[in-house]
Amino acid sequence: MGEVTAALPAGLQPLRVEEMAAHKHALEAGGQWASAFYYPFLLSVDRSPKRSVVWSGEPGGRALFVLSGGKHPRLDLFAPPLPADPASLARALELANDYNGDRSARVYWIDQQDLSAVREVAGLRERFREEEYLYRPADYADLSGGAFRTLRRNLSRVEALDGLAVAPFRAEDSTDCLALLDEWERGQGRKYASLRDRGYNRACIELAPQLPDTDLRGEVIRIDGQLRAFAFGGELRAGLGVFFIAKADPQVRGLSYFQRYHFLSAMAECPLVNDSSDMGSEGLRQLKRSLRPAAMHALYNARQERRINVPSAAPGEKSGLAIRHRDPRHYAEPEQWMPLFQAGDAERTLLARMREAIRASRLERSAAAGIDRAFADSRFPQRYERLILILYAPGHQRILVSRDAHPALSAVMAPLFRHPRLAALAAAPFRLQLDFVVEPPAPVALEQVGMSRRGERHFEVGLDGLLLRGADGRLHIFTPGDAYVRSTLGMGQLRDYLRRVHGEPYLAEARCERFRSASFVCDGEGWARLYRGHPVVGALGHGKLARAVELAVDHIQRTQQADGRFLYYYDAAADSRRDHEHPKRDPERNPFYNILRHGGGGLTCAYFEKWSGRGTTLENIRRAIDFLVAQTRVQEYAGREGAYIFHERKAKLGGSGIALYLLAEYQRLSGDDRYREWAERIAWHLRHQITASGEFIYYNVYLDQPVSEAENGAHFSFYYPGEAVCGLAKYLHLVAEEERGPWFAALHRALHYLIEVRPGEHAEHYTALPSDSWLMMGIMELWDFAPMRDPRYAEFVFTDAATMVDHLYKVSDAPYPDYAGGFHYQWGDFPYTDGARCEGLLGAYELARKMGEEAKARDLWRALRLAAWALLQLVNDETAIYHARNPRLALGGIRFKQTRQWFRIDTIQHVASFFAKLLPHWEREEGGAP
């Protein structure tokens with residue numbers, strides 16, 4: 001018993017050797033597989049002076065905890081209670097939370113079959129930990145064949161040594177075992193520092209004489225009388241053994257292979273033996289693979305949304321933004337919750353062999369064996385219920401093949417080579433996707449599940465897939481990532497898709513199961529992990545933001561037409577430019593085109609130039625402006641000529657506002673004043689759209705008819721005034737200082753209405769999640785002028801910004817890891833990953849900087865950083881368009897939602913502009929551009 005057990009929390013008991021049988025009974029009841037449950041391991045941990053394993057409950061239904069000592073003692077769950085169920089797990093967590101005084105308790109070891117219980121506990125989020133190797137001792141009765149070639153070679157080396165002797169461990173061997181352990185530590189300890197098993201080894205050697213051989217047996221190997229290796233293991237529970245610890249002299253080649261083979265062969269009474277994981281060691285992985293595991297067992301750990309109770313700032317606190325979550329950890333490292341995968345040599349070798357076979361359009365026996373060997377050496381899941389392989393190629397319909405019952409990879413690929421379209425796809429630059437269904441699929445009633453449902457009826461589009469078995473016996477697969485590939489956002493859209501493909505009667509008779517998968521797509525010479533169909537983006541960095549901006553701007557340049565218009569809309573799933581909001585408008589003969597979004601495309605290039613200074617998009621900006629100028633109509637106000645943008649039979653306030661913003665930004669950026677006259681005319685028009693009350697005229701012309709002030713309310717727009725304020729604010733830099741007074745007066749009148757009056761007159765347009773980012777940016781721009789620095793304006797910006805941040809999914813409370821950084825109206829909404837709102841937040845950050853409000857700026861930066869990470873999931877880089885029919889048009893697009901494939905010029909604009917404006921601040925906030 002460890003020293004820290006001196007002050008056990010009430011209800012917890014220390015481990016005792018005599019309780020081993022009761023512990024094994026509990027393992028059998030729970031059906032546990034993890035080697036960490038091996039009782040001698042728990043007793044070894046318990047001998048540590050820094051931590052002890054303790055338990056609560058009655059034998060056969062117990063919960064294991066880890067009690068850590070030190071300056072700040074804490075309690076964590078070793079594993080879910082045995083057997084696992086959500087209620088007992090929740091109670092155990094609360095016991096640990098009460099002891100810790102917060103919600104920081106973790107769950108260290110979770111068997112794969114216990115994930116369903118973990119997922120039903122609110123606030124608990126699991127993460128893949130590692131895979132363990134399961135061996136079948138009976139397999140070593142016959143070592144013939146290619147699979148055991150490496151093992152046979154190493155066994156021969158050792159068996160040829162003189163003086164080789166293998167014997168059971170005896171108490172008098174302890175001194176020699178400890179001496180070998182010390183020698184191993186001196187020579188190999190630094191190389192294998194991550195194993196951290198020195199204490200377990202010593203404790204095990206001390207425990208071995210006290211326990212029955214069934215539970216802890218040892219074996220020593222001597223060469224010429226000198227002890228060169230030792231190993232220990234025993235029964236975890238009935239039918240399952242554990243290879244616990246082993247040390248071998250590395251100077252004796254092949255000894256580790258011989259040791260494992262001999263020990264595993266001797267455990268014939270256990271149908272399966274768990275040899276733990278490879279701890280990420282390439283050498284250990286190679287050794288364990290050579291013994292050909294019968295299966296792999298996935299393990300997980302879990303953490304609570306533990307940071308939600310960190311003391312928060314009081315409302316109105318002057319040192320920072322009035323937000324609920326001030327602690328930086330709420331916003332930090334969202335990538336840590338995403339699945340991790342780093343392709344190595346083995347995975348690259350596998351890909352090369354798969355590609356070679358597909359390009360040849362045939363699978364020879366030798367090639368199949370090579371693929372299976374490479375797969376066995378890879379880090380891909382080795383234990384699964386079903387394996388799905390999908391082949392994509394531009395311009396072609398994909399090919400999907402699948403097998404269940406743990407098939408070899410070559411067996412899954414075999415039907416691919418009988419497919420009549422394989423040769424056509426193989427001749428193109430194809431991509432491969434692998435989906436491993438690692439948990440058994442579960443029956444589901446398609447009409448009774450949905451995104452807004454909770455518990456078992458919740459269906460998470462993009463993470464849940466479907467197996468449909470029709471009355472005709474045919475199997476149809478909709479993988480989790482197919483929501484991304486098929487541009488399916490909600491459950492209604494998924495049902496509609498299935499009805500279109502299969503028909504309502506067929507669906508009604510089909511048996512339906514849902515599943516989740518570990519999904520990978522080939523990327524260059526390696527593989528990328530997919531989550532919700534999109535490649536996992538990893539940690540946020542300057543380079544990733546810069547690359548996203550460059551891809552977006554390249555797309556804008558590549559697709560801009562000669563008359564200055566941009567590619568307005570594109571659906572990569574359908575390879576179509578037909579706008580889903582205007583399906584009757586032919587994209588070739590009668591395309592719909594929004595003039596405000598056109599102006600936004602030009603602004604994206606302007607922000608790119610302000611960041612990069614390359615000058616490569618100035619011509620694109622001029623062409624965009626020329627198109628705007630071609631849409632202008634002139635009108636006189638107070639004896640002076642003004643102008644407004646007229647397009648699609650309407651003159652929108654926002655269209656003229658954004659046009660002015662672009663014209664003024666271009667002149668300030670380039671020094672080119674060729675459009676100065678048009679800027680002055682549009683500005684004069686906008687100034688005269690501010691009525692005596694301060695309310696703007698929203699449409700100067702609507703469907704070819706002039707709009708009077710009396711008719712203005714019928715055409716209300718929430719966003720147009722902010723766009724007009726932005727344009728006027730930027731234009732003021734072009735106005736002589738002595739001439740700015742009337743402009744300031746008009747803007748003060750407008751802002752008074754927008755901030756003080758409009759919330760009452762148009763309350764129905766205000767939502768829980770603020771959305772007037774243009775107005776926030778406009779006030780930030782106006783802060784350059786001292787007469788416009790009204791504290792009420794700043795208060796509006798910071799209040800809306802604080803509300804936005806409070807409606808941002810944090811790392812600590814996101815229902816799914818990729819929700820973090822997205823906005824929500826109500827917690828539980830699918831995330832609104834929104835570049836436009838992020839621009840408003842960035843405007844608040846820049847205003848805080850201008851005002852010297854450093855604490856507010858820091859608070860905002862954390863939220864901006866998290867939001868930027870979320871937005872990267874919308875960027876179509878080369879890896880993300882693995883499924884695209886037309887990669888040229890898909891590349892560089894920035895999609896509307898995580899599982900939507902369509903994008904418009906404004907979805908590109910808001911995200912790329914946000915990134916481009918964020919990048920200049922990166923060095924100050926992050927300490928350099930990595």
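In the predicted model, Ile390 stands opposite Leu400, a residue of β14. The two strands concerned, β13 and β14, are paired in the antiparallel sense over six bridges, and in the hairpin that they form, with six residues between the strands, Gly395 adopts a positive phi near 80 degrees. Strand β13 is also joined to β15 (residues 431-437), in an antiparallel arrangement, by seven bridges; within this pairing, Ile388 has Asp435 of β15 as its bridge partner.

The surroundings of β13 were examined next. Because seven of the seven residues of this strand (residues 386-392) are buried, β13 is largely enclosed by the rest of the structure. Both of its faces are covered, with Arg386, Ile388, Ile390 and Tyr392 buried on one side and Leu387, Leu389 and Leu391 buried on the other.

Strand β14 (399-404), the hairpin partner of β13, is also among the elements that each supply at least two residues to the lining of the second largest pocket, together with β18 (475-478), α14 (482-485), α15 (491-502) and β23 (569-571). The largest share of this lining, seven residues, is contributed by α15. The pocket has a volume of about 1300 Å³ and is lined by 46 residues, of which Gln397, Arg398, Arg486, Tyr497 and Val501 lie nearest its centre. When the lining of the second largest pocket is divided by class, 23 residues are nonpolar, twelve are polar and eleven are charged.

Conventions: Residues numbered from 1 in each chain as written. Predicted model: local features only at pLDDT ≥ 70, side-chain atom pairs only at ≥ 80, totals over all residues. Heavy atoms only, no water. 1 Å grid on protein atoms, 1.4 Å probe; cavity = no way out; pocket = protein on both sides within 12 Å on 5 of 7 lines; lining within 4 Å. Points joined across faces, edges and corners; volume = space filled by probe spheres on them. Helix = DSSP H or I, 4+ residues; strand = E, 2+ residues; numbered from the N terminus. Nonpolar A, V, L, I, M, F, W, Y, C, P; charged D, E, K, R; others polar. Buried < 20%, exposed > 50% of the residue type's maximum accessible area, 1.4 Å probe, protein only. Pairing = 2+ DSSP bridges.
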